[in-house]
Amino acid sequence: MAGQTLYLETQVIARESAEVFALRIDEATLSAVLDQGIAAGDMIAVVDGAQDYFPCQVVEASQNGLRVRIAAREDAMAGRPRVHLVQGLSNDEAMDTIIRQVSELGIAGILPYRSTFSPSVTPEHAEELQSRWQHLALFSARHAGLAGAPDVGFIEPLNQACETLAGFDAVIVCWEGEVERSMEEAVAHLGIAGKGACDVALVVGPRGGLTDAEMAMIGSSNPCLATVSLGPAILRVETAGLIAPALLISALGGLR
């Protein structure tokens, strides 16, 4: 079975919370796996009940069952600054897309915040959203073969998010009013490329952007802060929410 694909009928791997878990297969399939000499440490491909693909490493193969873990690639960002996306709340579909995509990049955290152009959300719905987004982040990171998933915070109003920004080693803000500084220039300006494992917040506005007053509030949140341009085009929030983290991780030495 090593190097081949094992298909699951109903089990959805993204719902497994443990690092090591049992594959739910019938006795005939288990016997076939054991007959082919699969052993702990072997790699197998698994397509689960949701038709999602996961590379897995066998932890235990015996008559008691087959236990595996998601095979994680080595963390390309180890020893480099950790990127946290501070994302302005937009509609649910846009947020789902952003969280799903950036979780595949290996970012450390996602902090959604509410500002002037964000949609209103009840406390009950906010709690549901945080739970769903954490699930999406876990699923996407596992699907990408990453060792860990980003932590997704609860939605905060901008003033509270700015208090959180104060605790970061550096803050980079995507702003349409910035027309010159690129992401690589911002990283060089802040001196974070060679800092090692520090924490960098990357602020992206919601659909509709940030007001001047909100930019002033963010600008005064942390003394180690720079604004960046994502180019001359006005990007959709889903595009900016993916491109900005990718550019920052690349500027810090990742995605290579």
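Is Phe 54 buried or exposed, and what is its relative accessible area? Phe 54 is buried, with a relative accessible area of 0%, where buried means under 20% relative accessible area, exposed means over 50% and partly exposed lies in between, for a 1.4 Å probe and protein chains only. The model is a predicted one, in which local features need pLDDT of at least 70 and side-chain atom pairs count only at pLDDT 80 or more, whereas totals for chains, interfaces and linings use all residues. Residues are numbered from 1 along each chain as its sequence is written, and side-chain values use heavy atoms, with hydrogens and water left out.

**View 1. The chain as a whole.** The secondary structure comes to seven helices and twelve strands, taken as DSSP runs numbered from the N terminus, with helices (H or I) of at least four residues and strands (E) of at least two. The C-alpha atoms fill a box of roughly 65 × 40 × 30 Å along the principal axes, and 48% of the 256 residues count as buried. Among contacts (heavy atoms within 4.5 Å) with a separation of 6 or more, 75% come from residues 24 or more positions apart.

**View 2. The aromatic pair of Phe 54 and Phe 139.** A search of the whole structure finds one aromatic pair, a term for rings of Phe, Tyr and Trp (its six-membered ring) whose centres lie within 6.5 Å, with planes under 30 degrees apart counted as stacked, over 60 as edge-to-face and the rest as tilted. Phe 54 and Phe 139 form this pair in an edge-to-face arrangement, 6.3 Å centre to centre and with 80 degrees between the planes. Because Phe 54 lies in strand 4 (residues 53-62) and Phe 139 in helix 3 (residues 123-143), the pair ties together parts that are 85 residues apart in sequence. Phe 139 is also buried, with a relative accessible area of 18%.

**View 3. The surroundings of Glu 16.** Glu 16 is placed in the loop between strand 1 (5-7) and strand 2 (20-22), and it is buried at a relative accessible area of 16%. Its side chain makes a polar contact of 3.0 Å with that of Gln 11 and another of 3.5 Å with that of Arg 24; a polar contact is a pair of N or O atoms within 3.5 Å, where, within protein, one must be able to donate a hydrogen and the other to accept it, and residues adjacent in sequence count only if both atoms are side-chain atoms. Not counting residues up to four places away in sequence, the residues that Glu 16 touches include Phe 21, Leu 138 and Arg 142.

**View 4. Helix 2 and its cover.** In helix 2 (residues 92-102), the buried residues are Ala 94, Met 95, Asp 96, Ile 98, Ile 99 and Val 102. Their cover includes strand 6 (82-88), strand 7 (109-114), helix 3 and helix 7. Asn 91 caps the N-terminal end of helix 2, with a side-chain oxygen 3.2 Å from the backbone nitrogen of Glu 93.

**View 5. Val 152 in strand 8.** Val 152 belongs to strand 8 (residues 151-152) and counts as buried at 5% relative accessibility. Leaving aside neighbours within four places in sequence, Val 152 is in contact with Ile 110, Gln 130, Trp 133, Gln 134 and Ala 137. Val 152 and Leu 89 are 63 residues apart in sequence and 13 Å apart in space, C-alpha to C-alpha.
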